[in-house]
Amino acid sequence: MSSAFAATDIGAIVKTYAEIGHAKYEDSLITAKALDKAIDTLIANPSEDTLKAARDAWIKARVPYQQTEAYRFGNPIVDDWEGKVNAWPLDEGLIDYVDKSYGTESDENEQYTLNVIANPKFTIGGKEIDATKITPELLSGTLQEAGGSESNVATGYHAIEFLLWGQDLNGTGPGAGARSYTDYDVKNCTNGHCDRRAEYLKAASSLLVSDLDYMVKQWTPEGEAAKAVLADPKKGIVAMLTGMGSLSYGELAGERMKLGVLLHDPEEEHDCFSDNTYNSHLNDAVGIAEVYRGAYTRIDGSKVSGPSLSDLVKEKDAALDTEMKTKLGHTLDAMHAMAKRGETVEAYDQMIGEGNKDGNAVVQAAIDGLVDQTKSIQRVISALDLGQIELEGSDSLDNPNAVFQ
């Protein structure tokens with residue numbers, strides 16, 4: 001064992017990490033169940049109020065889930081599962097009707113306009129599919145990544161988001177998706193197939209609940225994800241820093257944020273139907289900081305905390321610990337400024353629009369914070385003698401010219 005760990009109980013630090021992971025996934029499950037209940041109410045009694053309540057429940061459900069994303073990259077069990085619940089972007093024509101501006105075909109995706117809701121029978125890869133009844137099994141076993149296309153996202157938060165909001169057809173102008181509650185009203189149905197649309201929405205919501213329930217179990221003390229990090233605490237520390245660094249740099253700063261700024265493309269928006277992206281990015285950054293600080297406030301207000309990475313780094317190099325916490329704080333300040341702009345001035349897709357100097361600058365400040373804190377994460381890795389840890393990269397940051405090729 002490295003001398004860096006001589007006096008600090010790294011097993012206790014990893015135990016805190018596992019306990020916080022369990023709490024976050026449990027909060028994600030609780031809020032997904034509340035969303036599922038709101039969806040039941042919408043389907044039973046479609047109205048502007050019940051649609052709004054379901055949308056509000058979806059936005060609340062995003063908060064704890066996004067804070068779990070720092071558990072990706074360093075934990076294979078999470079990585080193998082994550083695409084079921086948070087894959088994006090999606091080709092929404094797979095699921096439901098789309099505007100004419102969407103087009104009719106894609107060179108990369110044969111199911112680009114399949115429209116499962118309108119078509120109870122169709123063919124994928126030469127195989128005839130009976131989708132007379134839309135079930136969670138149909139979504140996860142047949143439609144998710146159908147034909148080998150990653151853009152065929154049939155399950156998870158974003159499929160549900162699309163079914164609640166509909167397409168955002170505003171480009172970099174104001175406004176989110178504007179699906180009407182009458183898309184679920186079988187007595188006064190708009191856009192056809194309201195019964196099947198409700199069936200798809202319920203199947204996706206039920207599947208989200210069951211997928212999150214699975215991950216909660218993985219982070220109980222007897223769960224495979226928890227046991228994997230607790231069995232070898234040094235590997236657990238590596239997992240923590242891998243998740244922090246990869247989410248900070250390649251995933252969030254690069255793929256989710258810098259790419260959109262470079263292209264000024266409203267489609268490069270994580271929660272693109274609801275215009276909730278600024279909140280999702282903020283909660284990713286919150287989750288990164290929580291891994292380092294070893295503390296999480298649950299949705300009921302209770303706190304989960306314990307020995308932390310910060311404690312370990314402080315023992316080794318107090319100045320580096322101060323640097324790390326300061327950088328995390330600067331990033332959170334920039335993210336909160338972006339979120340405030342999102343709530344009071346303009347949505348994220350407007351911020352990244354071409355010619356929006358002020359909006360671009362607000363997003364860039366958050367990107368800069370993430371990149372800067374990643375440098376300190378790398379210094380922490382070096383100080384703890386953890387060897388070479390491969391962090392996720394991104395062409396958007398490492399080779400921007402490749403983005404335009």
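1. Helix H5 (residues 157–165) packs against helix H6 (residues 194–218) at an angle of about 150°, and their axes lie 9 Å apart. Axes are lines fitted to C-alpha atoms over the stretch in contact, with angles from 0 to 180 degrees between N-to-C directions. Helices are DSSP runs (H or I, at least four residues), numbered from the N terminus. H5 and H6 are therefore roughly antiparallel (angles over 145 degrees).

2. The model is predicted: local features need pLDDT of at least 70, side-chain atom pairs count only at pLDDT 80 or more, and totals for chains, interfaces and linings use all residues. Residues are numbered from 1 along each chain as its sequence is written, and side-chain values use heavy atoms, without hydrogens and water.

3. On the H5 side, the contact (heavy atoms within 4.5 Å) is made by Tyr157, Ile160, Leu163 and Leu164. H6 brings Arg197, Tyr200, Leu201, Ala204, Ser205, Leu208 and Leu212. The contact residues split into nine nonpolar, one polar and one charged. Here Ala, Val, Leu, Ile, Met, Phe, Trp, Tyr, Cys and Pro count as nonpolar, Asp, Glu, Lys and Arg as charged, and the others, Gly among them, as polar.

4. What lines the second largest pocket? It has 15 lining residues, and Ala87, Trp88, Pro89, Glu150 and Glu251 are the closest to its centre. A pocket is an open set of points on a 1 Å grid over the protein atoms alone, where a 1.4 Å probe fits, with protein on both sides within 12 Å along at least five of seven lines; lining residues have an atom within 4 Å of a point. H8 (233–263) and H3 (76–86) each supply at least two lining residues. H8 gives the largest share, four residues. The lining has four nonpolar, three polar and eight charged residues.

Technical notes
Angles under 35 degrees count as roughly parallel, over 145 as roughly antiparallel, 65 to 115 as roughly perpendicular and the rest as oblique.
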